[in-house]
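Hello,

The structure we discussed is below, followed by notes on what was found in it.

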Amino acid sequence: LPKCIGGGAAMGNPLHIHSGTIAFPWNMLLGAGVKRSILQNASSLRQHHEPGFQHAMKKALLAPTIGKLDDAAAPYLVRNDSHPPYSTRIGFKDGEEYWWESSSHRYVGHVSVPLLKISAQDDFLVFGQFQRKLNHCLENPNVVVVKTRCGGHLGWQESPPPGSSGSGLGGSGSWSDVAVADFIEALLQIRQEDREKKKLLRSRRGTANNGDGVDSSYNTPK
């Protein structure tokens with residue numbers, strides 16, 4: 001990873017993705033949600049005049065399930081290379097390649113910075129896949145895995161603290177936001193402490209060398 005990346009967090013990540021295996025009725029409901037997004041952005045998508053793209057979007061809108069939709073749209077989905085310089089490209093061969101390239105269990109074992117992964121046991125969308133690929137996380141000491149009993153898929157909603165001005169849904173927040181913020185704050189604090197220790201060590205070495213490259217703490221016997 002680039003040196004500017006000091007850590008990361010992933011919430012509700014299934015580790016393994018294969019939309020073709022999602023059971024009824026969720027495969028149809030998820031497909032309907034994606035088709036709604038396509039229709040909401042139809043005016044922008046129509047400005048793309050490449051014939052293959054328009055055909056793929058029409059095919060996606062007619063797809064009955066999320067798996068069929070992914071397969072139709074795959075040739076025009078954005079993809080990121082997993083190796084430097086992490087350039088952006090367009091298109092997958094088909095849905096199978098898209099799902100395989102998007103499955104993070106292939107990379108999580110090689111993450112070289114602290115990574116927080118949060119998943120809820122009642123997340124019916126991804127928790128099963130997450131459990132089956134959990135060993136890839138546990139093999140890497142840089143990965144911190146947090147499993148909660150509830151939270152749904154990217155939910156973790158919580159009520160406002162007693163005595164706060166918030167009330168009802170308008171005053172609620174997400175526990176995961178606080179957890180990730182605390183994790184990042186801890187990483188920043190550790191990095192700052194490491195910088196201070198290195199700075200102090202360099203300062204002590206400079207004093208011991210007396211500024212001329214000679215270690216003044218060692219005296220030649222007479």
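**Contacts, cores and helix packing**

Beyond its neighbours within four places in sequence, Phe127 is in contact (heavy atoms within 4.5 Å) with Ser119, Ala120, Gln121 and Lys147. This is a predicted model, in which local features need pLDDT of at least 70 and side-chain atom pairs pLDDT 80 or more, while totals for chains, interfaces and linings use all residues. Residues are numbered from 1 along each chain as its sequence is written, and side-chain values use heavy atoms, without hydrogens and water.

The largest nonpolar core has 10 residues: Leu15, Val108, Val111, Val113, Leu115, Phe127, Phe130, Leu134, Cys137 and Val143. Such a core is a set of buried Ala, Val, Leu, Ile, Met, Phe, Trp, Tyr and Cys residues joined through side-chain atoms within 4.5 Å; buried means under 20% relative accessible area with a 1.4 Å probe, protein chains only. Helix H6 (127-132) and helix H7 (134-138) are the elements that give two or more residues to this core. Helices are DSSP runs of H or I, at least four residues, numbered from the N terminus. Another core, of eight residues, lies apart and includes Leu116, Ala120, Trp156 and Ala179.

Helix H4 (residues 66-73) packs on helix H5 (residues 95-102) at about 95°, with axes (lines fitted to C-alpha atoms over the stretch in contact; angles from 0 to 180 degrees between N-to-C directions) 7 Å apart. H4 is therefore roughly perpendicular to H5, a term covering 65 to 115 degrees. Gly67, Asp70 and Asp71 of H4 meet Gly95, Tyr98 and Trp99 of H5.

Six of the eight residues of H4 are buried, so H4 is largely enclosed by the rest of the structure.

Regards

How values were computed: Angles under 35 degrees count as roughly parallel, over 145 as roughly antiparallel, 65 to 115 as roughly perpendicular and the rest as oblique. Buried means under 20% relative accessible area, exposed over 50%, partly exposed in between (1.4 Å probe, protein chains only).
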